[in-house]
Amino acid sequence: MVRSPLTPQERERGERLGRLLREARGARSMVEVAAVAGLSAETLRKIETGRAPTPAFFTVAALAGALGLSMDEIATSCVLVPV
């Protein structure tokens, strides 16, 4: 299956998610947070850098739990407001 190219809005949302996760991770290592979330450090790295801008819901939920974020916080931080 060929995936459709991401829209600029989807890319921006992914970048916002990555920034939020990096800030919430603070001084903790990627390896530590990824292990708590049940993910690989490479998956977390891709999400944080925007190379995986549309992670699965359960991946985001696992990261939210590992970082002490609510899904509402994530949604609010990542939603794009039309100008």
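Helix H5 gives the largest share of the lining of the largest pocket, four residues. Welcome to a predicted model, in which local features need pLDDT of at least 70 and side-chain atom pairs count only at pLDDT 80 or more, while totals for chains, interfaces and linings use all residues. Residues are numbered from 1 along each chain as its sequence is written, and side-chain values use heavy atoms, with hydrogens and water left out. Helices (H or I, at least four residues) and strands (E, at least two) are DSSP runs, numbered from the N terminus.

**Confidence**

- The protein has a mean pLDDT of 92 (pLDDT is the predictor's confidence in each residue, from 0 to 100), and 95% of its residues reach 70 or more.

**The largest pocket**

- This pocket has a volume of about 220 Å³.
- On a 1 Å grid over the protein atoms alone, a pocket is an open set of points where a 1.4 Å probe fits, with protein on both sides within 12 Å along at least five of seven lines; lining residues have an atom within 4 Å of a point.
- Grid points are joined across faces, edges and corners, and the volume is the space filled by probe spheres set on the points.
- Its lining consists of Arg13, Gly14, Leu17, Pro53, Thr54, Pro55, Val60, Met71, Ile74, Ala75, Cys78 and Val79; the elements that give two or more residues to it are H1 and H5.
- By type, the lining residues divide into nine nonpolar, two polar and one charged. Here Ala, Val, Leu, Ile, Met, Phe, Trp, Tyr, Cys and Pro count as nonpolar, Asp, Glu, Lys and Arg as charged, and the others, Gly among them, as polar.

- Leaving out residues up to four places away in sequence, Leu63 touches Leu21, Val33, Ala37, Leu39, Leu44 and Ile47, where contact means heavy atoms within 4.5 Å.

**Selected residues, buried to exposed**

- Buried means under 20% relative accessible area, exposed over 50%, and partly exposed in between (1.4 Å probe, protein chains only).
- Arg25 lies in helix H1 and counts as buried because its relative accessibility is 13%.
- Not counting residues up to four places away in sequence, Arg25 touches Met30, Val33, Leu44, Glu48 and Leu67; its C-alpha atom and that of Glu73, 48 residues apart along the chain, are separated by 14 Å.
- Thr59, in helix H4, is also buried, at 16% relative accessibility; Thr59 touches Leu39 and Ile47, again not counting residues up to four places away in sequence.
- Thr43 belongs to helix H3 and is partly exposed, with a relative accessible area of 30%.
- From C-alpha to C-alpha, Thr43 and Cys78 are 19 Å apart in space and 35 residues apart in sequence.
- Val36 sits in helix H2 and is exposed, with a relative accessible area of 60%.
- The C-alpha atoms of Val36 and Ala66 are separated by 5.7 Å, although the two are 30 residues apart along the chain.
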